[in-house]
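My plan is to look things up one at a time and jot down what I find.

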Amino acid sequence: MKLNLWYGLSLRVIALFVTAMITSFSPELFRDLFGDILYNPDKTYGRGFIDEKWDWGFRHYLYFWMCFILFTIQAVRLCMWIDKNKNDFKP
């Protein structure tokens, strides 16, 4: 029983971080979808603080906050799951 809990915990942590890594690729791939505008292509620094040469469109901000909120919810769920099963993790 204890081994299954450790596997469950490991799989939840892996799923949490793999999802975050996969969603981090889409902003570079879908600039038109997000409505991003190339602001300053020739210089090193643009106006953006996250992506220096691009100004984010409204949809990009929605996507960013959606991913941040979903990651936070899943992290809280993971902590609650650990707290619920903490007696089963003791050696």
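This is a predicted model: local features need pLDDT of at least 70, side-chain atom pairs count only at pLDDT 80 or more; totals for chains, interfaces and linings use all residues.

I started with Phe71, which is partly exposed at a relative accessible area of 31%.

Next I looked up how many aromatic pairs the structure holds, and I got four. Phe71 takes part in one of them with Phe17: the pair is edge-to-face, with 5.8 Å centre to centre and 75° between the planes. I then checked where the two partners sit. Phe17 is in helix α1 (residues 2-23) and Phe71 is in helix α4, so this pair links distant parts of the chain, 54 residues apart. Phe17 is partly exposed as well, with a relative accessible area of 44%.

I moved on to Phe64 and Trp65. Their ring centres are 5.2 Å apart and their planes stand at 80°, so I put this pair down as edge-to-face. Phe64 is partly exposed, at 32% relative accessibility. For Trp65 I noted a relative accessible area of 45%, which also counts as partly exposed. Ring pairs join Phe64, Trp65 and Phe68 into a cluster.

**The whole chain**

I stepped back to see the layout. I found five helices and two strands, and along the sequence they run α-α-α-β-β-α-α. The chain has 91 residues, and 21% of them count as buried. Its accessible surface comes to about 7,300 Å², with 69% of that belonging to carbon and sulfur atoms.

I also looked at contacts between residues at least 6 apart in sequence: 52% of them join residues at least 24 apart.

**Asp36**

Is Asp36 buried or exposed? I looked it up: Asp36 is buried, because its relative accessible area is 8% and the cut-off is under 20%. I found Asp36 in the loop between α3 (31-34) and β1 (37-38).

Then I asked myself which residues Asp36 is in contact with, leaving aside neighbours within four places in sequence. My list reads Arg31, Trp54, Asp55, Trp56, Gly57 and His60. For Gly57 I have a distance too: its backbone nitrogen lies 3.0 Å from a polar atom of the Asp36 side chain.

**Tyr61**

Tyr61 is partly exposed, with a relative accessible area of 38%. I also checked Tyr61 against Phe34: they are 27 residues apart in sequence, and 8.4 Å apart in space from C-alpha to C-alpha.

How values were computed
Residues are numbered from 1 along each chain as its sequence is written. Side-chain values use heavy atoms; hydrogens and water are left out. Helices (H or I, at least four residues) and strands (E, at least two) are DSSP runs, numbered from the N terminus. Buried means under 20% relative accessible area, exposed over 50%, partly exposed in between (1.4 Å probe, protein chains only). Contact means heavy atoms within 4.5 Å. Accessible areas come from the Shrake-Rupley method with a 1.4 Å probe; for residues, only the protein chains shown count as cover. A polar contact is a pair of N or O atoms within 3.5 Å; within protein, one must be able to donate a hydrogen and the other to accept it, and residues adjacent in sequence count only if both atoms are side-chain atoms. Rings of Phe, Tyr and Trp (its six-membered ring) pair if their centres lie within 6.5 Å; planes under 30 degrees apart count as stacked, over 60 as edge-to-face and the rest as tilted.
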